[in-house]
Amino acid sequence: MITLLDYGAGNVRSVVNAIEKFGARIKMVTKPSDILNAEKLLFPGVGNYESMIKILNERDYILPLQEYLKADQPFFGICLGMQALFEGSEEELSGNESLNFFKGRVKLFKTSLAVPHIGWNGVNIKQESPVFENVMLDTKFYFVHSYHIVPEDESIVLTTTNYDYEFVSSVQKGNVIGTQFHPEKSGNNGIRLLENFIYQKDMKARKAVDIKGKGLSKRIIACLDVRSNDQGDLVVTKGDQYDVRQEGEVRNLGQPVELAKRYYEEGADEITFLNITGFRDFPLKDLPMIEVLEKTSKNVFIPLTIGGGIKDYTDSNGKTYTALDVASQYFRSGADKISIGSDAVYIAEQYLKSKKKTGTSSIEQIARVYGNQAIVISIDPKKVYVKSADDAKNHHVFPTQFHGPDNEEYCWYQCTVQGGRSARDLDAVALAKACEELGAGEILLNCIDKDGSNSGFDLELINAVKNAVTIPVIASSGAGCEDHFVNVFEETEAEAALAAGIFHRKEVLIQDVKTYLADNNIEVRTTP
Ligand code: 1PR
């Protein structure tokens, strides 16, 4: 029996699914005394440190947790659940009391690399620990965070990880363990780690495992564009320049839950679901998408992103739901990140016009509760050719190697909304920068001209956006062969590459892409 401390934010469903996978029973903490009565306590956290600590204080969990920890009872903190063990965080400015169990603080990454640190990274083992028993050598774990712990006492360091510099990625003292990475999102190896914690009789050092930590991997993401076809079935579809119909019918490339499972087994690093007609309806009415997430997260232990229709909404009875309500429902259903498309364009337009943050936009609200790393901005740009930079003075214009129909040598990328149906007077670089300032944690950079073309990623667009932001960028649209992935990682600084058509049609397997990247000395996560 394992007791789970769910403080109400983040994706606890994945942890529950991971634990249920190996047959353990779960009891949820509903009152302070449940903490003291726990045999083993698991505290998964994700998002914003300040809101997490505030909730622990409001629910009177701090004292029982401190007592539990002092008694050296088995405890496993994940991400924020580990950060809470320290004296405080740079992300917490209101002076709420932390668990104060370990000396040291939580600090923002100071690096020229992208922050948040998102993706699969290695660990260097510094201490013997039973939780690493039978964990595969050379394994990688999934990280998603902007802050990291800086413990004062070196003896508690279990692992370190390299991201520009070496930071502490997990700690252990007696029966108290914490990891910055997410075991529940780290495939079979991560699950084994949780299993070890739950089934080992004690946490005494047993066996050293030599896990050689390498750097952060480039991520390969499989994307599933989902919508109902004309018969009303929810299908994975795929467009050419966003047109998903062939001979009048919506293309049907498979079932979302089954395809997601296939991609997990084939070694995808993440899966993205885009509800491509979500902008038309209220997504909470669209229960099939929630069901897709719930079912997928039962068997797929890598990060899941969901997009489509995340915006404020008033129903026919006049009841208003915020984008935060919609996002919360998705997180509770198994999503780790939500992706905002059309609404981000409207928000950025307002922000750039007023030059003021209101604190009320969906990006700001969701970031406050779930953290920046939980918000992806999906950009759907179209290339616009111009003769000179003066022809589009309000936009980020740059020279292009691929000239326009009238031999134009310059271009800019125009944002669209509603799946490319309507173009706006805003460019992709301006949108990405504005959304980063408002609190987005990652950019999913599509390209309508390239979508479904199999002609390779738009490297000029990716470089233009990547050079304008410090958050990670996912390159998307146009992948047609393994070489295109090498090009995107060699010629741009994108942190991840996303593809759809070639994977759905099995023209290239994810594992083949990874092998090819590794042969070209590009760091990837290998799966058994
Ligand atoms: O605007 O917040 O409701 O979100 C809607 C979401 O749905 C956006 O993320 C938007 O990108 C997406 N979307 C809307 N219409 C379409 C369409 O295809 N008709 N799909 C669509 C976008 C683009 C990629 C695609 C890559 C890779 N899909 O994600 O998967 O281009 O494809 P490829 O490898 O086959 O070239 P909102």
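Predicted model: local features only at pLDDT ≥ 70, side-chain atom pairs only at ≥ 80, totals over all residues.
Ser342, Asp343, Ala344 and Val345 of H10 are buried, as are Ile347, Ala348 and Tyr351. The cover over these buried residues includes helices H11 and H12 (428-438). Strands S22 (337-340), S23 (375-379), S26 (410-417) and S27 (422-427) also contribute to the cover.

Helix H11 (residues 362-370) also pairs with helix H9 (residues 323-332). The two axes come within 9 Å and cross at roughly 45°. H9 is therefore oblique to H11. The crossing of the two helices is right-handed. On the H9 side, the contact involves Ala323, Leu324, Ala327, Ser328 and Phe331. These residues meet Ser362, Gln365, Ile366, Val369 and Tyr370 of H11. By class, the contact has 7 nonpolar and 3 polar residues, with no charged residues.

A positive phi also follows helix H4 (residues 62-70), where Asp72 takes a value of about 55°. Within H4, the buried residues include Ile62, Pro64 and Leu65. Gln66, Tyr68 and Leu69 are buried too. Helices H2 (32-36) and H3 (49-58) are among the elements that cover the buried residues of H4. Strands S3 (41-45), S4 (75-79) and S13 (176-179) are also part of that cover.

Key
Residues numbered from 1 in each chain as written. Heavy atoms only, no water. Axes fitted to C-alpha atoms, helices over the stretch in contact; angles between N-to-C directions. Helix = DSSP H or I, 4+ residues; strand = E, 2+ residues; numbered from the N terminus. Parallel < 35°, antiparallel > 145°, perpendicular 65-115°, else oblique. Left-handed = near helix turned anticlockwise from the far one by under 90°. Contact = heavy atoms within 4.5 Å. Nonpolar A, V, L, I, M, F, W, Y, C, P; charged D, E, K, R; others polar. Buried < 20%, exposed > 50% of the residue type's maximum accessible area, 1.4 Å probe, protein only.
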